[in-house]
Amino acid sequence: MINTWHLILSEICHRKFHFGFAVLGVMTAVACSTSVIVLLAMHNMQTEQILQARRQVVQKRTEELEDQMRKIGKGMGFNILILPEDQNLNELYSNNYASKFMPESYASKLAESEIVTINHLLPTVEQRIRWPERNNRIVFLVGIRGQVPIMHRQPQKPIAQKVPLGQIVLGSEIAMVENLKVGDKVTLKGEKFTVSQVHNPRGNKDDITIWIHLATAQRMLKKEGLINAIWAIECGCALADLPKVTQEISVYLPDTQVIEKFTKAQARANMRMEAAKLAEQTLKQEKIHRKHLGNRRRVLAASVISASVVAGGIWIAFLSLINVWDRRSEIGILRAVGVGSGQIIKLFLFKSIIVGLLGSMLGCLIGFLGVMEINAFAVKSGSLSSTQIFSWRLVLLIVVCVPALAAVAGWLPAFMAAGQDPAETLRED
């Protein structure tokens, strides 16, 4: 009884060129398929890395924008003005200050509430007066005590500093006309003050305004415990949404009214919000574009892999058929000397499996190394590593599936060889 494995080894050694040609065909098909799969995997990894990097950039930029939005009001003024309910707006705009008053405690009431649409509360009392010690010149007197922190939020750096007792801050026009500078002593309505600051020109009524401590201004105007305005800044959640701000404030201060002044702070904040939205939208569109591109590449990869698999199977079947046809006489002799049809089937099937196994292993190796060489820059730059690219699951799948496919492709030739009548074959020769 002739050993089947001895027959297989003898067959391979006797037909080296045929065997090598079959292995080469399988190897080429597997190398192409492996390269496409690995390239697709690398593309997905690189795409995810790019998107992740851009997400981080957008997130960082958004955080920076939010931080800038919080700081943007500094030196640019407040944009929400809370007034007594009975304040006539025509009078407000013509006089440039409110003539009606409300309790100073309103500011504390807002600060102790759960309000979220405004921030940086600044209670003030303001009135147009004459400065008797300075030729009765008309000035705006503003009393401020500093910002009232909102209790349920983390403490924030104030955007308007308070004026300490005994000190006075002057607008640029007043300081220039009266020839006053920081450190000078002045008297206002019998009260003595030290000039602590002179504002730069602002091009509005601030240039003829005097700021003193709120309590001093209330006493001077005989309005103890009263204010006529609370300034605030809209939070980012409510920009350009005055009804939302008004509705929330009315819950805590029902006998007030709210007006919104469009300032540079709000304009710049709006621009930054739009920039952040645009950046996020651009990232989203790029993600969609890359997803569509990835889908097209996957379709192309599936086509290439399918073609490679079919071509490899046809190649093995074609070579096996030629081998069977060319070796009819040898097969007839083997059958005549006692080699059974089962052994003949095993001979050709096992040979096909060996071809598939060797071809798949070499194809995987060549395909992987080829892709690594083509993408050497990406690997050297550190954006990708060989462990990320290499997949044992892929190798195992190919090494199992390709020999199985080779066995299927060699099944018909094997049965054709086993089904030959040795007497008929020898008679033909």
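Biologist: Where is Pro243 found?
Modeller: Pro243 sits in helix 7. Helices (H or I, at least four residues) and strands (E, at least two) are DSSP runs, numbered from the N terminus.

Biologist: What kind of model is this?
Modeller: This is a predicted model, in which local features need pLDDT of at least 70 and side-chain atom pairs count only at pLDDT 80 or more, while totals for chains, interfaces and linings use all residues. Residues are numbered from 1 along each chain as its sequence is written, and side-chain values use heavy atoms, with hydrogens and water left out.

Biologist: Back to Pro243. Buried or exposed?
Modeller: Pro243 is exposed, with a relative accessible area of 59%. Buried means under 20% relative accessible area, exposed over 50%, and partly exposed in between, using a 1.4 Å probe and protein chains only.

Biologist: What does helix 7 lie across?
Modeller: Helix 7, residues 242-252, lies across strand 1, strand 3 (118-131), strand 10 (229-234) and strand 11. Its angle to strand 11 is about 155 degrees. Axes are lines fitted to C-alpha atoms, for helices over the stretch in contact (heavy atoms within 4.5 Å). Angles run from 0 to 180 degrees between N-to-C directions.

Biologist: What separates the C-alpha atoms of Pro243 and Val258?
Modeller: 9.2 Å, with the two residues 15 residues apart along the chain.

Biologist: And which residue is the bridge partner of Val258?
Modeller: Val258, in strand 11, is the bridge partner of Ile82. Strand 1 (residues 80-84) and strand 11 run antiparallel and are joined by five bridges. Two strands pair if DSSP finds at least two bridges between them. Leu83 stands opposite Gln257 of strand 11.

Biologist: What does strand 1 do with strand 10?
Modeller: Strand 1 and strand 10 pair in the antiparallel sense over three bridges. There, Ile82 has Ile230 as its bridge partner.

Biologist: How many residues of strand 1 are buried?
Modeller: Five of its five residues are, which leaves strand 1 mostly covered.

Biologist: What's the strand order in the sheet?
Modeller: Nine strands form an open sheet, in the order 6-7-5-8-4-3-10-1-11, with mixed pairing. Strand 6 (185-188) and strand 11 (256-260) are the edge strands, each pairing on one side only. From one strand to the next, the twist averages 35 degrees.

Biologist: Why is strand 8 called largely enclosed?
Modeller: Five of the five residues of strand 8 (residues 209-213) are buried, so the rest of the structure largely encloses it.

Biologist: How does strand 8 pair with strand 4?
Modeller: Strand 4 (residues 137-144) pairs with strand 8 in the parallel sense, over five bridges. Phe140 stands opposite Thr209 in strand 8.

Biologist: And with strand 5?
Modeller: That pairing is antiparallel, with two bridges between strand 5 (residues 167-170) and strand 8. Leu170 stands opposite Ile210 in strand 8.

Biologist: New topic. Which residues make the nonpolar surface patch?
Modeller: Leu358, Leu362, Leu365, Ile366 and Leu369 make a patch of about 420 Å². Like charges are joined within 9 Å, and nonpolar side chains (Val, Leu, Ile, Met, Phe, Trp, Tyr) within 5 Å. Areas come from the Shrake-Rupley method with a 1.4 Å probe; for residues, only the protein chains shown count as cover.

Biologist: Where is Leu358 found?
Modeller: In helix 10, residues 341-374. Leu358 is partly exposed, at 36% relative accessibility.

Biologist: How many helices and strands does the chain have?
Modeller: 14 helices and eleven strands. Of the 429 residues in the chain, 43% are buried.

How values were computed
Patch = residues over 30% accessible without salt bridge, like charges linked within 9 Å, V, L, I, M, F, W, Y side chains within 5 Å. Salt bridge = Lys/Arg side-chain N within 4 Å of Asp/Glu carboxyl O.
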